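Please consult the sequence and the model alongside the points below.

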Amino acid sequence: MTITDKDLRECSVHLTEDEQAVEILDQTRLPGAEEYLILRSPQEFFDAIKTLAVRGAPAIGICAGYAMYVLALGTEKEGAAFAGHMRELGEYLISSRPTAVNLSWAVRRMQGVIDANTASSAREMRQLLLQEARAIHCEDIEMCRRISEYGLSLVKEGDGILTHCNAGPLATSKYGTALGPMFLAKEQGISLKVFSDETRPLLQGARLTSYELQRAGIDVTLICDNMASIVMKNGWVQACFVGCDRIAANGDFANKIGTSGVAILAKHYGIPFYTLGPTSTIDMNCPTGEDIKIEQRDPDEIRSMWYKEPMALPEVKCYNPAFDVTDHTLVTAIVTDQGIVYPPFRENLAKIMKKDPV
Ligand code: MRU
């Protein structure tokens, strides 16, 4: 697959033309406004990830890769001092959000380049980091394309697919993971009917998934999260496709809060339930879902964020986990860039990752 500079620049996360900063499409402003943010400082990268201006596990990883390159431009340090400085900055970036493994995966991959080349000149080091960040970005495009092909093989003309949160191009590079088969189907003239959960509390389904699909001319119907059961009962859903933020070695996986409920409903109605994600989201160092750290977010996201008037008393207690873990027993298959992985997941994930689980 040939990937051009234009392809990279069309993604929601990319380097600026002068290669001195990162430009992101601010996902907090969609669908009302398409505004870009320029990121240069550690704080700007941290805040963009924390506030979800850039979000979705692979997109966060791509942003972190470019961030390590851009942050390297801002220091005169060399050798071991440079490596130590970059390690500190990398740990700071990783602390912005705990659940999506792609963030630490990308930072550590960039740090690996630094540690292996401490004898290089500053100029050579910058070049190496730029190459690595670009490689992370290009690989994501290729992985998403393969996931889309594998995912599309699981459905047929006219099928209804339910999805949760947003795992489209905005959350990745191109195509997306869970939405990738839908974009590919459109390219190939195959009609699918997508049901997009609005995805409380941050409404990624309403604001981002229905926006991306509608703009691409794909048949999408927006539903509230509590309507998933009725559309399944009506016989309108032939498969569930969701993304993932971290897949444990046993096949349990974290994804946006509410995903496990969709999986439980799908099992009840006998509907296949798939999670789609790149191998960069599989964490073989994480034995089970119990070991995944779940991010807790500001209660105001539930109480007042999206409304003219607060929807609850300011003092009311809220519980706002950003993700939940879906048990592997509810998962029909995990669709990766290396193929469709069926149970038993522990053995079969180890095979594609060529690594024994811990
Ligand atoms: O909190 P978010 O919006 O970053 O959560 C994102 C998700 O849960 C996505 O489904 C996941 O990152 C996969 S994106 C391809």
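Buried means under 20% relative accessible area, exposed over 50%, and partly exposed in between, with a 1.4 Å probe and protein chains only. At 7% relative accessibility, Cys 165 therefore counts as buried. The model is predicted: local features need pLDDT of at least 70, side-chain atom pairs count only at pLDDT 80 or more, and totals for chains, interfaces and linings use all residues. Residues are numbered from 1 along each chain as its sequence is written, and side-chain values use heavy atoms, leaving out hydrogens and water.

**Cysteines**
- The structure holds zero disulfides, a disulfide being a pair of cysteine sulfur atoms within 2.5 Å.
- Cys 138 is in no disulfide, and its nearest cysteine sulfur, that of Cys 11, is 8.9 Å away.

**Nonpolar cores**
- A nonpolar core is a set of buried Ala, Val, Leu, Ile, Met, Phe, Trp, Tyr and Cys residues joined through side-chain atoms within 4.5 Å.
- The largest such core has 43 residues, and Val 13, Val 22, Ile 24, Phe 45 and Leu 129 have the most contacts inside it.
- The largest share of this core, 12 residues, comes from α3, where helices (H or I, at least four residues) and strands (E, at least two) are DSSP runs numbered from the N terminus.
- Apart from this core lies another, of 28 residues, including Leu 162, Cys 240, Cys 244 and Val 331.
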